[in-house]
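Have a look, and then we'll go through some questions together.

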Amino acid sequence: MGVEHRPNRIILVRHGESLANVDDTIYETVPDHRIGLTAKGIEQAQATGAAVRQIIDGDRVDVYVSPYLRTRQTLEAMALPVDDRDVRVEPRLREQDWANFQDPADIAEQKAVRDRYGHFYYRFSHGESGSDVYDRVSTFLESMFRNFETQHAPGEVVIVTHGLTMRLFCMRWFHWSVEYFESLENPGNAEAVVLERQPDFRYRLQRPFRQWDPSVNPTERERSSWL
């Protein structure tokens with residue numbers, strides 16, 4: 001099967017507001033993968049779900065979701081018209097591993113070092129670097145492309161995951177530089193990032209990521225990533 005069977009859109013969605021987004025001391029007692037959404041996070045996911053349902057407009061959709069509780073709760077609240085058989089819980093889309101039960105003071109100190117060292121390459125003690133997440137996202141993309149080549153290729157793809165993972169997904173997809181990646185902000189809670197198929201069957205972002213560091217100028221190739 002050729003490129004004409006690629007889905008119309010790939011929609012990346014960050015989880016809604018989690019309990020850790022409002023109180024990071026929860027990492028001391030609750031494993032990261034078991035941290036759920038707040039009531040506000042559920043409302044955010046419901047609103048995003050309504051917007052995504054309008055975008056896909058009844059087309060057949062495949063869903064990939066991180067196994068973390070907050071992402072699965074986000075997907076449930078989105079209420080997408082998708083059969084259970086078309087939902088894949090995908091561990092490679094999980095959050096960056098920082099530690100097990102986290103000591104907030106230690107993590108704060110490591111974040112300060114990371115800011116000096118670089119977000120892509122710095123590896124947290126007992127955890128991962130951004131480059132480690134990039135590697136597993138790369139293997140996920142290979143698997144996803146194989147699914148596009150089957151007779152059951154979907155019209156739309158929705159991926160419910162985490163902010164850093166979304167940025168790294170796009171970095172890998174569009175071949176962004178480390179410098180440009182590091183200048184970008186994570187999407188907001190329950191924010192959707194849409195990759196839209198063009199007439200040449202390539203994809204473009206509907207809008208670029210926000211930059212926290214505007215001193216980094218994207219190259220012509222990086223600018224071609226969005227409409």
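Q: How much space lies in the second largest pocket?
A: Keep in mind that this is a predicted model. There are 16 residues lining the second largest pocket. The space in that pocket comes to about 360 Å³.

Q: Which residues lie nearest the centre of the second largest pocket?
A: By class, this pocket's lining has six nonpolar, four polar and six charged residues. Out of the 16 lining residues, the ones nearest the centre are Trp173, Phe174, His175, Arg202 and Tyr203.

Q: Which helix gives the most to the lining of the second largest pocket?
A: Helix H5 (130-148), H6 and strand S6 (203-205) each put at least two residues into that lining. The top giver supplies four residues, and that is H5.

Q: What is the volume of the largest pocket?
A: The lining here is made of 28 residues, and the closest to the pocket's centre are Glu95, Trp98, Lys111, Arg114 and Asn186. Sorted by class, the lining has nine nonpolar, nine polar and ten charged residues. As for the volume of this largest pocket, it is about 610 Å³.

Q: Which helix gives the most to the lining of the largest pocket?
A: Three helices each supply at least two lining residues: helix H1 (19-22), helix H4 (104-117) and helix H6 (163-174). With five residues, the one that gives the most is H4.

Q: Within what arc do the buried residues of H3 fall, seen down its axis?
A: Helix H3 covers residues 69-78, and its buried residues are Arg70, Thr71, Thr74, Leu75, Ala77 and Met78. Looking down the axis of H3, you'd find that these buried residues line one face of the helix, because they fall within an arc of 165°.

Q: What covers the buried residues of H3?
A: Helix H2 (39-56) is included in the cover. Also included are four strands, namely S1 (9-14), S2 (61-65), S3 (87-89) and S4 (156-161).

Q: Is aspartate 57 buried or exposed?
A: You'll find aspartate 57 in the loop between H2 and S2. Its phi is near 50°, which is positive even though the residue is not a glycine. Exposed means over 50% relative accessible area. Aspartate 57 has 65% relative accessibility, so it counts as exposed.

Q: What phi does phenylalanine 201 have?
A: Phenylalanine 201 sits in the loop between strand S5 (192-197) and S6. With a relative accessible area of 25%, phenylalanine 201 is partly exposed. It isn't a glycine, yet its phi is positive, at about 70°.

Q: Which backbone oxygen does the side chain of serine 225 reach?
A: Serine 225 is in the segment after helix H8 (220-223), and at 2% relative accessibility it counts as buried. Leaving aside neighbours within four places in sequence, serine 225 is in contact with Phe174, Trp176, Arg204 and Leu205. At 2.9 Å, its side chain reaches the backbone oxygen of glutamate 222.

Q: Is leucine 168 buried or exposed?
A: Leucine 168 lies in helix H6. Not counting residues up to four places away in sequence, leucine 168 touches Phe120, Gly130, Val133, Tyr134, Val137 and Phe181. Buried means under 20% relative accessible area. The relative accessible area of leucine 168 is 0%, so it is buried.

Q: Which residues is glutamine 102 in contact with, leaving aside its neighbours within four places in sequence?
A: Glutamine 102 is found in the loop between S3 and H4. With a relative accessible area of 6%, glutamine 102 is buried. Once those sequence neighbours are left aside, its contacts are Tyr27, Glu28 and Ile107.

How values were computed
Residues are numbered from 1 along each chain as its sequence is written. This is a predicted model: local features need pLDDT of at least 70, side-chain atom pairs count only at pLDDT 80 or more; totals for chains, interfaces and linings use all residues. Side-chain values use heavy atoms; hydrogens and water are left out. Buried means under 20% relative accessible area, exposed over 50%, partly exposed in between (1.4 Å probe, protein chains only). The arc is that of the directions from the helix axis to the C-beta atoms. Contact means heavy atoms within 4.5 Å. On a 1 Å grid over the protein atoms alone, a cavity is a set of points where a 1.4 Å probe fits but cannot get out, and a pocket is an open set with protein on both sides within 12 Å along at least five of seven lines; lining residues have an atom within 4 Å of a point. Grid points are joined across faces, edges and corners, and a volume is the space filled by probe spheres set on the points. Ala, Val, Leu, Ile, Met, Phe, Trp, Tyr, Cys and Pro count as nonpolar, Asp, Glu, Lys and Arg as charged, and the others, Gly among them, as polar. A polar contact is a pair of N or O atoms within 3.5 Å; within protein, one must be able to donate a hydrogen and the other to accept it, and residues adjacent in sequence count only if both atoms are side-chain atoms.
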